[in-house]
Amino acid sequence: MADNLNAIPYMAYTYGQPETAVRNGINDTNYTVTSADTLVAYTTLTASRTVTLPSPASVPAGKQFIIKDESGSCSGSITLTVTGSIDGSANIVLNSAYANVRLYSNSAAWCKVGA
C-alpha cells in the first residue's frame with residue numbers, strides 16, 4: 001500500500017466566485033451579450049446577424065465569452081459579426097460553417113484567445 005508522504009498538494013486559486021458556464025442558444029436574431037452568458041450559440045441562421053459585446057469594463061477582468069455557429073450556416077453571405085473593441089479592431093466577422101471566437105476582457109478591451 002502506497003503512502004502519500006511524497007504527494008504534492010494541489011489547490012486551485014481564483015478571484016471572486018467560481019464561474020458556471022452558461023450556454024445561451026440563439027435562434028436567428030441579433031443578440032447583446034450579458035455578463036451572465038458564457039457561450040452564445042447560434043442554433044439557426046438564415047441571415048447575417050450581429051452579436052454586441054458589453055463594455056469590457058462592465059465585467060470582471062478575465063471574463064470569457066465564446067460566440068459559436070452551432071447551426072453550420074455561417075458562410076460568406078450569412079455571417080455573424082461580433083462588435084466591440086477586439087484586439088484593436090472594431091469587430092470580428094465569422095463567415096465559415098461552425099465558426100467560433102473565444103474572447104476575454106482585460107477590463108479595457110476584449111482580447112481574442114487563439115488564432
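Among contacts in the chain between residues at least 6 apart in sequence, what percentage join residues at least 24 apart? The share is 52%, where a contact means heavy atoms within 4.5 Å. This is a predicted model, in which local features need pLDDT of at least 70 and side-chain atom pairs count only at pLDDT 80 or more, while totals for chains, interfaces and linings use all residues. Residues are numbered from 1 along each chain as its sequence is written, and side-chain values use heavy atoms, with hydrogens and water left out.

**Secondary structure**
- The chain has 0 helices and 9 strands (DSSP runs numbered from the N terminus: helices are H or I with at least four residues, strands are E with at least two).

- Leaving aside neighbours within four places in sequence, V33 is in contact with residues including V40, F65 and I67.

**Salt bridges**
- The count comes to 2 salt bridges (a side-chain nitrogen of Lys or Arg within 4 Å of a carboxyl oxygen of Asp or Glu).
- R23 and E70 form a salt bridge at 2.7 Å, N to O, and the two residues are 47 residues apart.
- D28 pairs with R49, their closest N and O atoms being 3.3 Å apart.
- Both D28 and R49 are buried (under 20% relative accessible area; exposed is over 50%, partly exposed in between; 1.4 Å probe, protein chains only).
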